[in-house]
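My plan is to go from the overall picture to single residues and to write down what I look up.

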Amino acid sequence: MSPSMNPHTSTSTNPFFLTHDELREAAKVFAASYPDRAKKAVEVAEHAGRNEFRLPFTMAMDRWVDMGTPIDWLYNPTQDLEFTWILNRHWHMEDLGKAYLLTGREEYVHTFARHFEEWLVQNSPPAEVPYEEATYFQRPGPWRLLETGLRVQSWIWTYRMVESSPRLSDSFRERFFSALAEHADYLVRFLGSAEINHAIMHMQSLFMIGAFHAEHPRSPLWRQLAAERLELCMARQVGDEGVQSELTTHYHNGSIGMFGTPYLLALKTGFEFPEEYGRKLARMGAFTEAAIRPDGQATPIGDSDWISHGRKPLGLLGAILGDKALLAAGEVSEELLWHFGADVYLQMRDSQAAFSPGTVSRAFEQTGYYFVKSEGQHLFFDAAGMGGAHGHADALSLEWMWRGQLIFADPGRYTYEEGEWRHYFKSTRAHNTVTVDGQDQTPYVATQRWGEPVAECETLRWIDNPSFAFLEATHDGYLRLEAPVLHRRWTLLGKEAGVLVIVDWLEGDGERTLEQRFQLHPDASVELGGSEDGASPSARIGYPSTEVLVDLHWTTAGSGFVVSEEAGWISRIYGEKEPNRVLSMSGTANGTTGIACVALPQLAAGGAPAARLEELSIDAERRSATVVYSTAGRTIRIAIDRADVKWAIEQ
């Protein structure tokens, strides 16, 4: 990065925050670069002036809710606890600040000051709070540590945006800085477990107060304690491979900002973190990059959304670390603009080349996540543990994209509100894996709680070469059943000639009902075949908009299995769901059995030559599978057994 593009230079008195003039310039670029967001910021500010809120990541995100006059900060018109928590994070205040910079209208500053004052009157810090109540989910109030920390960030960023307004009196400023100190002392009282991602946000905010309220006599303590706790969180939550312990892309990418912004603040204020902290940040970026699909979105793992913009946290991290490679793989974002200012933002934006999907596979073997990439293909395979409350019962599930078309999809998360929908989206049946007797791999207890035993995965074989990638993994979640079953999955993705082979072995004694399930993109059309004329079960998936066709063929080691199509649900973003189609190969088996599926992708007429299956067979006793198919004048032979994987192409 050239010296003129060094993001760690600033003309501000406080080197972390932009000056008022720099904020004004950033607002101009914001309006030009993100016109829809700028319009939304003004809309949010207008409604906030009427005490109306439309809260993201809640089950009321589709409507404006009147919170009364004065605002009742504990009012919740839903059954979703997130509503109360998110309301008390005061995210709307940042929109008030942006609206003020965009328009210069003092009424937005008045709303900010009024909401701040009303909140203080209603919400004095509790004198005594049990640790569990302050840290976790028992009471949906404003003084859970997470809300305490996130609220501070909203206050500080908004104050910086409106600081020059004559509407802010000296007495207001005194109360504002006093409240910051009060919040800092509260965060110090209840540190929270370093094992959970909330603790990163607590200490991110404490460090921010220490830097912003630098004249306070306790600010050195706040900065030092926050830095030490952030280092501990990094050590406890981020493994050697750079994967955050929640094992979800959403929380991993969020953690990049939570770990990264204090690191940036430290660089700008002369308070350095250890070198290992920066190295782990870079490794976190490597995982984020691996999870980016050819469409630029991040693979949704666990409690994550389809619309996740994985490139944006990568771009921000690249700017923070001054890493050209991460910045090139990422994307400049609004967050980068407000952190670094208009000049740096524009230089970085103009220096970026067009996005190019990765073609190099990445294996995070300690974690259990595998990303197979080749020209036009992206396959994610999950052989990881649960990861905690935000994990799903999705052991040995996968996501597959071919030529830009998502074919086998993760369902997303939809809601955190307790009920049937929360269970559905976390369930095994909602993922691309196998269910036994309709059970989840790990017993579901509640929205943020799994029962025992938790399913554990083990990877036995991983092969990646220019011709194909192959993975063998097992999970033990169904060993808890009265008739124990070990699920073993073989997954092979062809690179030289497109094919996806999935062989599921269900090993154990006794009779059981099995389902091999595939969640399809909502745009899919489905045509079933093979069952009436005695032929092997098959299905054709079509996507008219991309002209992608996928022919699926099945065989089983037992009889009586049938393929069917049923209704399912996916969620692109929190709070929204839509119907999709699910393919299920199901039946009853006694003893060890196998289910094999071959997926042959191709373009519709006028595109690539059609692929045709010539042979598909499996042998449960020998644990072997054979696939022969032809495409583009070539015949591909695949043979898999317990010891070897063979791939051969005949012209």
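**Entry 1: overall picture**

How many helices and strands does the protein have? I count from the assignment 17 helices and 25 strands, and I note at the outset that this is a predicted model. I then looked up the overall dimensions, and the C-alpha atoms fill a box of roughly 85 × 55 × 45 Å along the principal axes. For 651 residues, a compact globule would have a radius of gyration near 26 Å, and the protein, with 27 Å, agrees with that.

I next asked how much of the chain is covered, and found that buried residues make up 58% of the 651 residues. The accessible surface comes to about 24,900 Å², and 49% of that surface belongs to carbon and sulfur atoms. Among the contacts with a separation of 6 or more, 63% are between residues 24 or more positions apart.

**Entry 2: the nonpolar cores**

Which residues touch the most other members of the largest nonpolar core? I found that they are Phe-176 and Phe-259, in a core of 103 residues. This core draws at least three residues from each of domain 1 (20-217) and domain 2 (238-358). A second, separate core has 44 residues, among them Leu-379, Phe-381, Phe-408 and Leu-583.

I went back to Phe-259 to list what surrounds it, leaving out residues up to four places away in sequence, and found that Phe-259 touches Ile-200, Leu-230, Cys-233, Met-234, Val-238, Tyr-277, Leu-281 and Met-284.

**Entry 3: helix 13**

Is helix 13 largely enclosed or open? Ten of the eleven residues of helix 13 (residues 311-321) are buried, so this helix is largely enclosed by the rest of the structure. Helix 13 is followed by Gly-322, whose phi is positive, near 65°.

**Entry 4: Gly-242**

Where is Gly-242 found? I located Gly-242 in the loop between helix 10 (219-237) and helix 11, and Gly-242 is buried, with a relative accessible area of 0%. Leaving aside neighbours within four places in sequence, I find Gly-242 in contact with His-252, Arg-283, Met-284 and Phe-287. I also looked up its distance to Thr-593, which is 351 residues away in sequence and 37 Å away in space, C-alpha to C-alpha.

How many bridges join strand 23 to strand 24? I find seven between strand 23 (residues 624-631) and strand 24 (residues 634-640), and the two strands run antiparallel. Within this pairing, Val-627 has Ile-638 of strand 24 as its bridge partner. The hairpin of strand 23 and strand 24 has two residues between the strands, and in it Ala-632 takes a positive phi near 50°.

I then followed strand 24 onward, and it pairs with strand 25 (residues 645-650) in the antiparallel sense over six bridges. A hairpin through four residues joins strand 24 to strand 25, and Ile-636 stands opposite Ile-649 of strand 25.

Methods. Residues are numbered from 1 along each chain as its sequence is written. This is a predicted model: local features need pLDDT of at least 70, side-chain atom pairs count only at pLDDT 80 or more; totals for chains, interfaces and linings use all residues. Side-chain values use heavy atoms; hydrogens and water are left out. A nonpolar core is a set of buried Ala, Val, Leu, Ile, Met, Phe, Trp, Tyr and Cys residues joined through side-chain atoms within 4.5 Å. Buried means under 20% relative accessible area, exposed over 50%, partly exposed in between (1.4 Å probe, protein chains only). Domain bounds come from an automatic or database domain assignment. Contact means heavy atoms within 4.5 Å. Two strands pair if DSSP finds at least two bridges between them. The radius of gyration is taken over C-alpha atoms; the globule rule is 2.2 Å times the number of residues to the power 0.38. Accessible areas come from the Shrake-Rupley method with a 1.4 Å probe; for residues, only the protein chains shown count as cover.
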